[in-house]
Amino acid sequence: MWAVREVKGKKRSTWQARWWVAGRPSENSRSFVTKGAAEARRAEIFAAVKKGEAFDVATGLPVREVLAQRAAEPPPAPRSWLEVARGFTDAKWEERQAPGSRRSIAQGLGIATEALFDAPVPAEFAGLVREALAGWSFNTGVRSVPGRDGRRREATPPVGWAGVLDWMERHSRPVTDLVDPEIARAALGALSRRMDGRPAAGNTIVRRRQVFEMAIKYAIARGDLDANPLTGLDWRPPRKLVAVDRRVVINADQARRLFAVVAEHAPDLEAFYATIYHAALRPGELQELRFDQLTLPASGWGEALVDANNPEISPRWSDAPDGPRQPRELKHRAKGEVRQVPLNPPLVAILRRHIDTFGVTADGRLFRSGKDGPVKAIRYIARWRQAREIALTPAEQASPLARRPYDLRHAAVSGWLNAGVPVTQVAEWAGHSVRVCLLVYARCIAGGDEAARRRIDAALAAESETSGVSPAPEPADSHPRPIRSQPETTGLDRTLPDITPAEPEPSTGPELDL
């Protein structure tokens with residue numbers, strides 16, 4: 001501490017109290033009009049030093065004074081829900097999520113945000129709000145651009161969007177309004193509806209609510225909320241569909257009919273569909289299947305080593321929207337992990353014929369369209385619909401049977417289970433967990449019920465044969481005799497009857513094997 005000093009000015013002098021706190025780059029000083037006031041301030045600092053009070057290095061003031069100042073300051077205004085949701089989106093984007101996950105987050109947050117405005121959307125912005133939310137506010141890759149230092153900076157919004165973006169900023173509720181049960185329930189209600197007002201699918205509602213709750217947890221971690229406002233609400237999500245509808249699974253005869261039509265009208269896609277049906281590969285995995293990953297012997301079983309996935313999605317959700325193809329690691333697998341998938345002899349023959357007829361791309365990919373680009377979903381879905389119309393009967397067309405090409409994967413997994421392959425091996429080949437295999441695929445086996453009934457009939461017949469003819473009932477006695485327990489040694493000297501069960505039939509379904 002220094003003594004009070006006089007600072008002379010042109011019109012009048014001021015008095016300055018000065019002290020220095022270790023760690024600060026400069027001294028603390030405060031000027032007063034009178035010397036007495038400066039001496040009083042110096043005495044306060046000196047008294048704090050003598051008492052051993054701690055000093056704040058950032059301000060140079062006693063900690064007691066810093067805390068008092070903070071307590072007197074008004075609390076900061078709560079952040080808006082739009083600001084919180086935008087920050088959550090940016091945080092998830094930096095985790096380098098898959099493009100599909102980024103899109104799901106943006107769509108879910110966009111629907112919830114529409115329900116959290118404090119005023120009705122003006123008619124002039126009614127058609128732009130959802131597009132501006134999902135396509136701009138919650139799309140970090142479009143809304144911001146990376147700088148040289150790696151940090152992202154805001155980009156210029158599209159022409160004509162300035163008005164709707166400004167309105168959303170001004171009318172987004174504070175995030176603390178979610179503690180009101182009615183407001184929170186309104187957001188959940190919006191997540192449960194489609195754009196036309198009808199109820200959304202159960203799986204869609206559950207996925208949207210998961211995104212909404214993740215954003216709320218982010219707000220809690222940032223200190224915007226003290227607790228989850230959704231806890232305790234009398235709202236239950238609908239039951240989501242877990243098991244695959246067994247009606248979508250095709251049998252071998254239906255597959256032959258469908259593939260014959262495909263071979264006639266779109267021969268370059270026959271192997272595409274056949275690989276999904278026989279090897280349970282996802283369409284995104286087929287886009288990255290290369291010749292050097294295949295073992296295709298002249299006879300017998302082959303093998304595929306699958307190591308990449310590239311599902312079709314808008315490039316604006318990727319890290320490089322203008323870049324080349326961007327394959328990713330396998331779904332739910334670490335980067336670089338490889339999955340071995342067996343190829344049965346019929347599929348080996350189809351793949352060999354496909355390679356001989358159509359060749360491969362410069363980088364070895366088997367399936368392509370245009371200038372060695374990926375097979376577009378709009379094409380392979382349209383061709384599959386055409387094949388269903390030609391190959392299936394009117395009743396089969398009206399049913400969910402193989403309505404999507406992805407249903408061929410369900411048929412492959414179900415067929416493996418139906419053949420008695422251990423569920424752990426099926427899960428490894430299909431590229432998902434054993435739990436998913438048991439919950440989703442185990443019940444979509446065509447003909448499984450009939451096979452189970454046959455096994456039950458065989459078991460009942462075997463039981464009847466081993467039991468023999470039932471003895472004739474004894475005549476009724478006019479005086480009932482007391483029932484006495486027989487000693488444990490009774491009958492030990494008798495020959496035991498032959499009760500060896502009949503040889504069971506081979507298992508044809510998953511019920512017993514699982």
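Predicted model: local features only at pLDDT ≥ 70, side-chain atom pairs only at ≥ 80, totals over all residues.
## The chain as a whole

Residues are numbered from 1 along each chain as its sequence is written, and side-chain values use heavy atoms, with hydrogens and water left out.

As you look around, you can find 20 helices and eight strands. These are DSSP runs numbered from the N terminus: helices are H or I with at least four residues, and strands are E with at least two. Now for contacts, meaning heavy atoms within 4.5 Å: among those between residues at least 6 apart in sequence, 64% join residues at least 24 apart.

## Two nonpolar cores

A nonpolar core is a set of buried Ala, Val, Leu, Ile, Met, Phe, Trp, Tyr and Cys residues joined through side-chain atoms within 4.5 Å. The largest one here has 60 residues, and Ile250, Phe272, Tyr273, Leu343 and Phe367 touch the most other members. Helix H11, residues 270–279, gives the most to this core, with seven residues. Apart from it lies another core, of 42 residues, including Ala112, Val129, Ile183 and Tyr218.

What does Phe367 touch, not counting residues up to four places away in sequence? Its partners include Ala271, Phe272, Leu286, Leu351, His354 and Val375.

## A pair of helices

Two packed helices are described by the angle between their axes and the distance between the axes. Helix H8 (residues 181–191) and helix H9 (residues 202–222) have axes that come within 9 Å and cross at roughly 140°. That makes H8 oblique to H9: angles under 35 degrees count as roughly parallel, over 145 as roughly antiparallel, 65 to 115 as roughly perpendicular and the rest as oblique. The axes are lines fitted to C-alpha atoms over the stretch in contact, and angles run from 0 to 180 degrees between N-to-C directions.

On the H8 side, the contact is made by Ala187, Leu188, Ala190 and Leu191, and on the H9 side by Ile205, Arg208, Arg209 and Phe212.

## A proline in a loop

Pro400 lies in the loop between helix H15 (394–398) and helix H16 (407–418). Is Pro400 buried or exposed? Pro400 is buried, with a relative accessible area of 16%. Not counting residues up to four places away in sequence, Pro400 touches Asp245, Arg247, Val248 and Asp407. Pro400 and Asp245 are 155 residues apart along the chain, yet their C-alpha atoms are separated by 8.4 Å.

Terms used: Buried < 20%, exposed > 50% of the residue type's maximum accessible area, 1.4 Å probe, protein only.
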